[in-house]
Amino acid sequence: MTTLSPTHQLYRLAAEQKSAEVTDWSARISWVIGLAVLIAFVYWLMRQGWKWRGSLQSDLTDLATTPDGFADGEKLLTLTGRYHASTTAGQWLDRIVAHGLGTRSRVELTLTEQGLDVVRPGATDFFVPAADLREARTDKALAGKVLPEGGLLVITWALGDQLIDSGFRSDHSAEHAAWVDAVNGLTTTQLTSTTEGTAR
């Protein structure tokens, strides 16, 4: 049996070792840059689609502003929460983006006999006169946003000739039922008043 000297053993061991594979950084960097470009392109397409939808809706009537003296009226209900979106009434995926209605935001709602005041910090405020309110309901989905059953308060209202569904979520979802009753009661009162006025 042949015994190798320590020097010979070290030499043989060094010869058998394989060097670690060198990372191909140029390929990795190329992949990262390609992915970044793809993400930017998709974002640009989404933004162009948003602008295109807004231009299609440019003929939508301007939003009403809060009337003078509104704050002096008796408040039927108030709510703080989130504004989710507005869509064409009955079409939960047909988002409306004109006049800033496509921007999600915090919201403060105030309902009086004059109508509904929608205050949105960081987004466009608007007012819905009582005569333009149509109905309210609870729902779970609007503009692609899906929540638990009854998680959304959806108020249907008229903006010119267009009927709109606007979705809100209270910080306390138990308040939704009271809002449904109050808005529907107000619309019934308005309808009765209009019918009686026409009859006269």
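Predicted model: local features only at pLDDT ≥ 70, side-chain atom pairs only at ≥ 80, totals over all residues.

Let me start with a question: is Glu149 buried or exposed? Glu149 has a relative accessible area of 64%, and it is therefore exposed. The side chain of Glu149 meets that of Lys140 in a salt bridge, at 4.0 Å from N to O. Lys140 counts as partly exposed, because its relative accessibility is 38%.

I turn now to the other charged pairs. The count of salt bridges comes to four. In one of them, Asp171 and Arg106 meet at 2.9 Å, N to O. This pair links distant parts of the chain, since Asp171 belongs to the loop between E9 and H3 and Arg106 to strand E2, 65 residues apart. Both partners are partly exposed: Asp171 has a relative accessibility of 40%, and Arg106 has a relative accessible area of 37%.

Another salt bridge joins Arg137 and Asp165, whose closest N and O atoms are 3.4 Å apart. Arg137 is partly exposed at 25% relative accessibility, whereas Asp165 counts as buried at 3%. Through shared partners, salt bridges join Arg137, Asp139 and Asp165 into one network.

Two further residues touch Asp165. Thr156, in strand E8, counts as buried, its relative accessibility being 5%. Beyond its sequence neighbours up to four places away, Thr156 touches Asp165 and Arg137, and its contacts also include Ala89. Ala89, for its part, is found in the loop between E1 and E2 and is partly exposed, with a relative accessible area of 25%. Its contacts beyond four places in sequence are Thr156, Leu163, Ile164 and Asp165. The C-alpha atoms of Ala89 and Ala158 are separated by 9.3 Å, although the two residues are 69 apart along the chain.

Which residues have the most contacts inside the largest nonpolar core? They are Leu109, Leu116, Leu133, Ile155, Trp157 and Trp179, in a core of 27 residues. Among the elements that each supply at least two residues of this core are strands E1, E2 and E8, and helix H3. Leu109 touches Leu116 and Trp179, and its contacts also include Leu77 and Phe168.

Helix H3 also holds His176, which counts as buried at 1% relative accessibility. Among the residues in contact with His176 are Thr138, Gly150, Leu152 and Phe168.

The aromatic residues deserve a separate word. There are four aromatic pairs by count. Why is the pair of Phe126 and Trp157 called stacked? The ring centres are 5.4 Å apart and the planes stand at 20°, so the pair meets that description. Because Phe126 lies in strand E4 and Trp157 in strand E8, the pair ties together parts that are 31 residues apart in sequence. Phe126 and Trp157 are both buried. Over the ring of Tyr83 sits the charged end of Arg120, 4.4 Å from the ring centre.

Finally, I come to strands E3 and E4. They run antiparallel and are joined by four bridges, with Asp117 standing opposite Phe127 in E4. Six residues lie between the two strands of this hairpin, and Gly122 in the turn has a positive phi of about 85°.

Thank you for your attention.

Methods
Residues numbered from 1 in each chain as written. Heavy atoms only, no water. Core = buried A, V, L, I, M, F, W, Y, C linked by side-chain atoms within 4.5 Å. Buried < 20%, exposed > 50% of the residue type's maximum accessible area, 1.4 Å probe, protein only. Contact = heavy atoms within 4.5 Å. Pairing = 2+ DSSP bridges. Phe/Tyr/Trp six-rings, centres within 6.5 Å; stacked < 30°, edge-to-face > 60°. Lys NZ or Arg CZ within 6 Å of the ring centre and 35° of its normal.
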